[in-house]
Every structure is written in C-alpha cells, then in structure tokens.
Amino acid sequence: RDYKVTGVQTCALPICPLTAKQTELLLDARDNTERIVAVVNNLLDLARLEEGREYLDLQPAAAADLLQSAAETIRPRVEDKGISIAVEVPGDLPPVSADAQRLGHALTNLLDNAVNYTARGGRITLSAELQGDRVILAVADTGVGIPVEYLPRIFERFFRIPGHTSGAGTGLGLAIVREIVAAHGGTVTCESQVGAGTVFRISLPTTKP
C-alpha cells in the first residue's frame with residue numbers, strides 16, 4: 001500500500017501559561033516535525049515515481065496554462081519578497097501531454113528555489129518555446145546562481161549547495177522534479193552563473209494529433 005503523512009496531531013495546552021522559553025521550544029519542535037513530515041512525504045513521492053507506481057493522468061495541456069497556474073501558486077511569496085514574476089508564452093505553441101497536477105508540482109519546486117535564492121528587486125520569468133517536436137518550459141531567475149562545479153549534482157537526493165542557506169528545503173525538491181519530468185517522457189536541465197541567475201528547462205513531447 002501507499003502511505004502519506006498528513007501532518008502532526010495537536011492537543012490542548014496546559015491551563016498554566018507557558019514561559020517564553022517553553023513557547024520557543026514548542027515552536028522549534030513543531031518546525032522540526034514539519035520538516036521531518038516533508039522529508040518523509042517527499043521520499044514516498046520519489047519511491048512511487050521511481051518504481052513506476054505513480055499513475056499519471058496525461059492530457060493535452062497548454063504551456064501557457066501550466067506556467068500561469070504555477071505562477072499564481074507562488075505569487076504570494078513572490079510579492080512578499082518584492083520580486084517580480086512574468087509569464088511569456090507565444091500563442092501558437094502545440095499542447096504537451098501532461099498530468100497538470102504532477103507537472104505543476106515540479107514547476108512549483110523550481111519556483112520555490114527561484115524565490116529562495118533571488119534577492120528583493122529580482123525577477124523570475126516563466127517562458128516556453130517550440131523546438132522540433134518538443135516544447136521547452138523554462139524557469140529563469142536573477143538570483144545568486146550556482147557554482148559550475150555543483151551543477152552536475154543538483155538533481156541528487158539531499159544535495160544542497162554549500163553556502164546556500166536560504167530557505168529550509170529538504171534537498172529533495174529537484175530530485176522530485178527530475179522524476180516527474182522523466183515520468184512524462186521529458187528531460188530537465190539547468191544552466192547557471194554565479195551572480196547572474198539560473199535557468200531550468202523542461203523539455204516535453206507535444207501531444208500527438
């Protein structure tokens with residue numbers, strides 16, 4: 001059977017008031033538990049994807065719709081951080097064969113990274129283009145960038161770039177992106193330059209007539 005960790009059960013606090021230190025410890029314990037729950041759920045997702053047990057509901061989908069939906073999901077975080085976000089897609093692209101929910105999860109993971117490593121005043125751009133019989137979805141940011149020596153490892157489980165302390169990720173987000181894209185018959189690549197930003201590109205087959 002497949003299992004899913006749904007969260008942490010809470011109980012009523014004692015009637016006596018908590019001290020500031022007790023409150024701090026409780027909040028730390030809650031945050032650590034939520035991180036553990038996230039790791040477990042991500043590992044379960046990876047296992048199902050790698051074993052081919054994750055059913056994909058593949059349907060024709062417009063690149064513009066996929067990217068716009070992902071942008072709206074992340075928009076509150078983007079606005080809170082003072083980053084601009086744009087979706088740039090030509091109107092004549094053929095649809096791709098996609099599970100919108102699963103592919104949306106992959107795009108959201110890429111956008112989470114972009115937000116974490118882009119400073120206030122930066123920019124995130126989602127775009128798409130046709131290359132032969134494939135549509136390329138791109139997520140580009142103007143963030144801190146990734147040193148070239150780490151690029152071959154960024155899709156590994158639990159790998160986190162030394163010195164990148166932004167966010168509280170599990171080190172599994174990009175591994176999940178890779179598996180979701182592979183399940184769609186696609187590929188994902190990354191180009192980056194320190195201080196000049198990062199671009200992730202997802203290549204997907206178009207829907208056959």
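**Walking through a predicted α/β model**

From the N terminus on, the elements of the protein run α-β-α-β-β-α-β-β-α-β-β. That makes 4 helices and 7 strands, where helices (H or I, at least four residues) and strands (E, at least two) are DSSP runs numbered from the N terminus. This is a predicted model, in which local features need pLDDT of at least 70 and side-chain atom pairs count only at pLDDT 80 or more, while totals for chains, interfaces and linings use all residues. Residues are numbered from 1 along each chain as its sequence is written, and side-chain values use heavy atoms, with hydrogens and water left out.

Of the 209 residues in the protein, 38% are buried. Buried stands for under 20% relative accessible area, exposed for over 50%, and partly exposed for what lies in between, with a 1.4 Å probe and protein chains only. Contact means heavy atoms within 4.5 Å. Among contacts between residues at least 6 apart in sequence, 72% join residues at least 24 apart.

The largest nonpolar core holds 42 residues. A nonpolar core is a set of buried Ala, Val, Leu, Ile, Met, Phe, Trp, Tyr and Cys residues joined through side-chain atoms within 4.5 Å. The members that touch the most other members are Ile85, Leu111, Ile124, Leu126, Leu137, Ile154 and Ile202. At least two residues of this core come from each of helix H2 (63-81), strand E3 (96-98), helix H3 (100-116), strand E4 (123-131), strand E5 (134-141), helix H4 (173-183), strand E6 (187-193) and strand E7 (197-205). Leaving out residues up to four places away in sequence, Ile202 touches Leu107, Leu110, Val135, Ile136, Leu137, Val181, Thr187 and Val188.

Helices H3 and H4 come next. Two packed helices are described by the angle between their axes and the distance between the axes. H3 and H4 pack at an angle of about 145°, and their axes are 9 Å apart. Here axes are lines fitted to C-alpha atoms, for helices over the stretch in contact, and angles run from 0 to 180 degrees between N-to-C directions. The crossing of H3 with H4 is left-handed, a term used if the near helix is turned anticlockwise from the far one by less than a right angle, with right-handed used if clockwise. On the H3 side the contact is made by Arg102, Leu103, His105, Ala106, Asn109, Leu110 and Asn113, and on the H4 side by Gly173, Leu174, Ile176, Val177 and Ile180. These residues divide into 7 nonpolar, 4 polar and 1 charged. In this count Ala, Val, Leu, Ile, Met, Phe, Trp, Tyr, Cys and Pro are nonpolar, Asp, Glu, Lys and Arg are charged, and the others, Gly among them, are polar.

Asn109 lies in helix H3 and is buried, with a relative accessible area of 13%. Apart from neighbours within four places in sequence, Asn109 is in contact with Gly173, Ile176 and Val177. In H4, the buried residues include Leu174, Ala175, Ile176, Val177, Glu179, Ile180 and Val181. Just after H4, Gly185 takes a positive phi of about 75°.

Strand E6 contains Cys190, which counts as buried at 16% relative accessibility. Setting aside residues up to four places away in sequence, Cys190 touches Ile146, Leu151, Ile154, Thr198, Val199 and Phe200. Cys190 and Ala140 are 50 residues apart in sequence and 9.7 Å apart in space, C-alpha to C-alpha.

The structure holds 2 aromatic pairs. Rings of Phe, Tyr and Trp (its six-membered ring) pair if their centres lie within 6.5 Å; planes under 30 degrees apart count as stacked, over 60 as edge-to-face and the rest as tilted. The rings of Tyr150 and Phe159 have centres 6.1 Å apart and planes at 45°, so this pair is tilted. Tyr150 is partly exposed at 21% relative accessibility, whereas Phe159 is buried at 13%. The rings of Phe155 and Phe200 have centres 6.1 Å apart and planes at 80°, so this pair is edge-to-face. Phe155 sits in the loop between E5 and H4 and Phe200 in strand E7, 45 residues apart, and the pair links distant parts of the chain. Both Phe155 and Phe200 are buried.
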